[in-house]
Amino acid sequence: TISGEVNHNKKGTYKLIYSVLDSNGVTVSATRTVVVMDSEISLTLDSERYTNKEVTINVSVIDEYFDYMILPDKTKVTKTTYSYKVDKNGKYTFKTYSKKGSSKESSIEVKTIDKEGPTGSCSGSYKDGVSSVVVNAKDNVGIEKYVIGDNVYTTKNIIINPNGISHKGLRHDLMAI
């Protein structure tokens, strides 16, 4: 015997219990959970890290009546999984159509593409054996640290030689990261 019902037209979670009675009068039961879902579009990015390259939007559609999908560039595809590459930040909308005539759309925003490198300048002074450098750098994603030689600094006001040890003839290369 089967107890419980599933309404395939209504989204929800349903439990069905299957029971069997053998010739010795012993009943064994098993419960199954059935999930009825709406048309579902899953959009994920291949990476959340900043990049100066392209980003892939992974699209997955779960719909037993899926017919086709319209990509943000208006291309029509009939696959339920698709990798869509973008090279600009912005909102990307995907629209699916079912064989039943319904449609659904879902969007994802890409914010991790940065094609502009950092810009900046620095000025410095030397007095009493101590070099001071002030860095004026900026980048769309921010500046995490400054590197001079083997030393790492997290502030834009840098004292290169705090102990007053002479460093004549040394060249300092600054890199903003």
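This is a predicted model: local features need pLDDT of at least 70, side-chain atom pairs count only at pLDDT 80 or more; totals for chains, interfaces and linings use all residues.
Two strands are taken to pair if DSSP finds at least two bridges between them. Strand E5, which spans residues 55-62, runs antiparallel to E8 and is joined to it by six bridges.

The pairing of E5 with E8 belongs to an open sheet of three strands, arranged in the order E4-E5-E8 and paired in antiparallel fashion. Strand E4 (40-45) and strand E8 (81-86) each have a single partner strand and stand at the edges, so one side of each is left without a neighbour in the sheet. From one strand to the next, the twist averages 20 degrees.

Attention now turns to a residue of another strand. Thr93 is found in strand E9, which covers residues 90-98. Its relative accessible area is 27%, and Thr93 is therefore classed as partly exposed, since that class lies between the limits of 20% for buried and 50% for exposed.

The surroundings of Thr93 draw on two stretches of the chain. When its neighbours within four places in sequence are set aside, Thr93 is in contact with Ile70, Leu71 and Pro72, and also with Glu105, Ser106 and Ser107. With Ser107 there is a polar contact between the two side chains, at 2.7 Å. Ile108 is 15 residues away from Thr93 in sequence, while the C-alpha to C-alpha separation of the two in space is 6.7 Å.

Technical notes: Residues are numbered from 1 along each chain as its sequence is written. Side-chain values use heavy atoms; hydrogens and water are left out. Helices (H or I, at least four residues) and strands (E, at least two) are DSSP runs, numbered from the N terminus. Axes are lines fitted to C-alpha atoms, for helices over the stretch in contact, and angles run from 0 to 180 degrees between N-to-C directions. Buried means under 20% relative accessible area, exposed over 50%, partly exposed in between (1.4 Å probe, protein chains only). Contact means heavy atoms within 4.5 Å. A polar contact is a pair of N or O atoms within 3.5 Å; within protein, one must be able to donate a hydrogen and the other to accept it, and residues adjacent in sequence count only if both atoms are side-chain atoms.
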